[in-house]
Amino acid sequence: MKVFAFMAIFAVVLIGASFAFADLKTEQELKMLKDVSFAAIQLFCMLFAIAGTAMLIPRDVEDRTLYTILCKPVSRLEYLLGKLGGMVLVLVISLGAMDLLFTGVLHLKQRTVVEQNVAELEYRPFRSQEEREKAVAEIIEVATQQGASWNLQAGMAAILAKSIVLTAVTLLVSTFATSTLFTIMVSLALMVIGHAQGLAREVLLDEADGAVLPRLVAGGVAVLFPDFKTFDVLDAVITGTVVPGVEVLKMGGLCGIYCVLYMLAAWVLFADKEL
Amino acid sequence: MSTVPAVSVEQLTRVFRVPGLRRREFTAVSDVSLEVQPGEVYGLIGPNGSGKSTTMKVLLGLLRATSGKCAIFGRDSARVDSREEVGYLPENPYFYKHLTGAETLEFYGKLCGLRGRELRDRIGEMLALVDLEESRDRRLGGYSKGMLQRIGLAQAIIHRPRLVVLDEPTAGVDPLGSRQIRDLIMELKRRGITVILSSHLLEQVQEVCDRIGIIFRGRMLREGSLAQITEVGNRSEIVLEGMTPELMEEMRALAAARGAKWIHDGHPRTTLETLFLEVTSAAAEAARASAGKS
């Protein structure tokens, strides 16, 4: 995978976005930068998780590298865990690099915006020095709330958790898939279902009015497909709302549970796979 | 000396389901039995699709047997821990191209639990053994076919296995590279490592193997030591030094009387290649005949 090419595209998007919203208000300017950047980071991580993982097992089978690994004292579960671990490591490194770049650009943008807005105050008439200082403090407060902060890391954690769950799902699909394309298509479908299933469940249960079958269907879908709604903290992060630490822990725990479930299913399928 | 065979295959049968609407089956290996003693070099020969690779894969736990048993040094080959004793080089292997020779050996060494100085020493030793010391820091993407086979052999033995399984180790390798691999197999034999190999190069098999099994259409047709299976039972031969045509009629008596040195008395041997072709074409003829009758 051309990880660095993807990251170069991200850098271009980020730098472009930092210049694109210069005519907006302080708050909106920083929000838009965060919105575009988080969207780009999330898209990159999720597509990378699917495309990168889908090729791992088929390529090892095709090149017979799998034979040289599995004839060592390595169990099939260890092999799968190794693949998951490798992908998680690549995701952490890529996300870490994008996080650094994004935080750096946002910090610079925050400073520039504050300086520009404070400079513009020179042309505004103030009744007193106190009123002027209050306006400056307001600009700084808005910029601090919407600028680079630890709260951004909650958004990064959500993207990482989602990408790890997608990696585990894709690995599961690739244990029974007949081609890489099939794995990618099914995993993309699962990604869409994962994002929409929370909403679909709510609609289903609202209309069910206590009926058993819709509840069973909703429960089955929730068990079989990952529910990405739990990881949706990005809107809060973009608007500057502080995400509590408990939410981050909850996402981590859910990510762990999904990984364990999907890896166990992958192991069951892969243990009997004819190589 | 250990009485436990290095490899024991008992009545191994492996049936594959043919994909499709009709539930057809294909028997890749049928009722194959063989035993390899520690320190032996065993050659499994047969045409393409005869079941050699399937037998090896079942032995390595990569495929499950439909029926029958496989054991490596007494341990069920389906168990992961049986592979601590085994090294395997598949046919035409492709390793991770972005890794160098030394990194490849490090990767496989770590899979076998080697770490630190022991691993570093072992990597150096293996690269020296397969004559790739100068290419240790080159990426595998730039290796020739022969070099890939040699690094493959090095990864197979990095954890000091007692059994090495080589599937067509010289396939696609030029004569020089092929000779190098043959020498490496001889070196393994000298070190007391048991080797099972499959090859189409019958001359090479004859050169390095102690025992041989001929497999055809999933069945073991002949099995035994090289001397046993190449023996032609209905003929005799006498090797004389200084023999003249006149001595032919009264060889034994006249040889001693006229001072000729008696060198050898035994059965003449055919070549492995001739035997292989005879056995497989007879089996093919028989199969055609039985198919014609039915």
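Visitor: Which residue stands opposite B:Ile215 in β10(B)?

Guide: B:Met220 stands opposite B:Ile215. This is a predicted model, in which local features need pLDDT of at least 70, side-chain atom pairs count only at pLDDT 80 or more, and totals for chains, interfaces and linings use all residues. Residues are numbered from 1 along each chain as its sequence is written, while chains are lettered from A and ligands numbered from 1 in the order in which they are written.

Visitor: What makes β9 and β10 of chain B paired strands?

Guide: Strands are DSSP runs of E with at least two residues, and helices are runs of H or I with at least four, numbered from the N terminus. Two strands pair if DSSP finds at least two bridges between them; 6 bridges join β9 (residues 211–216) of chain B to β10 (residues 219–225) of chain B, which run antiparallel. They form a hairpin with 2 residues between them, and B:Arg217 in the turn has a positive phi of about 50 degrees.

Visitor: Why are α5(A) and α7(A) called roughly antiparallel?

Guide: Angles under 35 degrees count as roughly parallel, over 145 as roughly antiparallel, 65 to 115 as roughly perpendicular and the rest as oblique. Helix α5 (residues 76–120) and helix α7 (residues 151–176) of chain A pack at about 155 degrees, with axes 10 Å apart; α5(A) and α7(A) are therefore roughly antiparallel. Angles run from 0 to 180 degrees between N-to-C directions, and axes are lines fitted to C-alpha atoms, for helices over the stretch in contact.

Visitor: How many residues of chain B are in contact with chain A?

Guide: Contact requires C-beta atoms, placed from the backbone, within 7 Å; 19 residues of chain B are in contact with 14 residues of chain A.

Key:
Two residues are in contact if their C-beta atoms, placed from the backbone, lie within 7 Å.
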